[in-house]
Amino acid sequence: MKILTGSQIKELDKYTIEHEPIASIDLMERAARALTQAITEIWTQTTPFVVFAGPGNNGGDALAVARMLAEKGYAVDVFLFNTHGQLSEECERNRDRVVNEGIVRRFTEITTNFDPPKLAHPTVVIDGLFGSGLNKPLTGGFASLVRYINQSPVKVVSIDMPSGLMTEDNTNNTPNAIIKADLTLTLQMKKLCMFFADCQQFLGKVRVLDIKLSKAYIENVPAGYATISSRYVRQQMLQRDDFANKGTMGSALIIAGSYGMAGAAVLATRACMRSGAGKVTALTPRCNYNIMQVSAPEAITRLDSEDYYSEAVATDEFDAVGIGPGLGREEGSALALMSQLQQTTCPTVLDADALNMLGSHGTWISQLPDNVIMTPHPKELERLVGSACHSDYERLCAAKELAENLRAYIILKGHYSALCLPDGDVIFNTTGNSGMATAGSGDVLTGLVTGLLARGYSRKNACLTAMYLHGMAGDIAAQKKGKECMVASDIIEALPQAFAELYDK
């Protein structure tokens, strides 16, 4: 599904009005009915509501919801902020309907001073001050109102966006001037900021309400951001020929491990084997021989002569190579890594210490071959780009720019892992859970991507399929083990079920 920017959402509204066709006020009514339905599914008529409406169309939505709640027998107090004497046309029309019908318990239009109401349990606040059109931080009276609401003990429902939060870039926003919602009822689709960890404190639970905006516009408008769908993943999954043999199913090489870090090599190797690849070879330091033979007996173990990765190996026999989990940061390993990259022609995945070594040798990154795949977590990305990022948006932009400049595929890992493509597009994963925040989870992803590449997937589809399956296996593991008790090997154990569910659907 596409993720549109704030300006595109505005154009989507306009296109829907012109081509459905539907009057703007009627589209607002349709949105308000969906919002009201969602609210009444949670709270009964015994719950009083206080509605704060701004002067724009977000305020118009809030006023329409207030009227509909009152019509259903809810006690509703409404505060409309019109401090500049300029309401949007739809907001003004909804104000007039609320006033003329006279069914809300209290209506106050604020033009100068504001005496805030007492907010106490069990009151629920509906935040309709500012929506997806906001482009600068809240200040003055609105910022004070936000702080007042946030300091109160009541539940807050935000319409479309928590007021004060911008749809994309909140790097220079003012956190204490953003509503902290318990529930965000966002219209038609999630906004970009909803995929960032540093914005979650403001969003609460997010529910997307379909208000029937133009499908034609959404399908045809170019969008730089999107989410993976299970349908897409199922369509890309390769079928296994009945007459296949291990020689036709792909051969993968995992270069991983060092003294004390054999587990990383084991996890990446076992995940690679679970990907469907016909043959998996693990190149690891000699100190890990016994551990690899016992933990991954199906893999071929090839030993480095040292207790660290010290020498590049020929890769002509392999269809894909994954490098980095638990590799350590010996200078000899760094030199071996660059030598390996210069002579490897098959698809290559770089993770963990391979990325850290590149980050500590700043000029080397420009020598990477085209189409390399990198799977950094946030700190590893910052080492690669050579600077700290001050927000998740800024970090995503850095990964996006790096992918374009290097013509690389970068999976920026997180709750919503983001695949940054060489053409500048970004695709977010939608599977996975916080139980996967455990050591070794990234090693599993590396093994899975490498195995799918060897199996014959394109770089893009290997990344997308691996991200989705990795998160899906994590969700299955969480159901069986619980998030608190999950370890990375639980994800590997759940991969067969994840594959089976995607193939069966």
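Author: The side chain of Gln8 reaches the backbone nitrogen of Thr5 at 3.0 Å, a polar contact being a pair of N or O atoms within 3.5 Å, where within protein one must be able to donate a hydrogen and the other to accept it, and residues adjacent in sequence count only if both atoms are side-chain atoms. This is a predicted model, in which local features need pLDDT of at least 70 and side-chain atom pairs count only at pLDDT 80 or more, while totals for chains, interfaces and linings use all residues. Residues are numbered from 1 along each chain as its sequence is written, and side-chain values use heavy atoms, with hydrogens and water left out.

Gln8 belongs to helix H1, residues 6–19; helices (H or I, at least four residues) and strands (E, at least two) are DSSP runs numbered from the N terminus. Gln8 counts as buried because its relative accessibility is 16%, the classes being buried under 20% relative accessible area, exposed over 50% and partly exposed in between, with a 1.4 Å probe and protein chains only. Leaving aside residues up to four places away in sequence, Gln8 touches Ile3, Tyr217, Val221 and Pro222, where contact means heavy atoms within 4.5 Å.

A further element of the chain is an open sheet of seven strands with parallel pairing, in the order S4-S3-S2-S5-S6-S7-S8; two strands pair if DSSP finds at least two bridges between them. Strands S4 (106–110) and S8 (205–209) stand at the edges with a single partner strand each, so one side of each has no neighbour in the sheet. Neighbouring strands of this sheet are turned by 15° against each other on average, direction ignored. Within the sheet, five bridges join S2 (residues 49–53) to S5 (residues 124–128), and Phe49 has Val124 as its bridge partner in S5.

Helix H2 (residues 24–40) packs on the sheet, touching S2, S5, S6, S7 and S8, and its direction makes about 155° with that of S7. Helix H3 (residues 57–71) also packs on the sheet, touching S2, S3, S4, S5, S6 and S7, and its direction makes about 155° with that of S2. Axes here are lines fitted to C-alpha atoms, for helices over the stretch in contact, and angles run from 0 to 180 degrees between N-to-C directions.

The protein chain holds 17 helices and 18 strands, and 57% of its 505 residues are buried.
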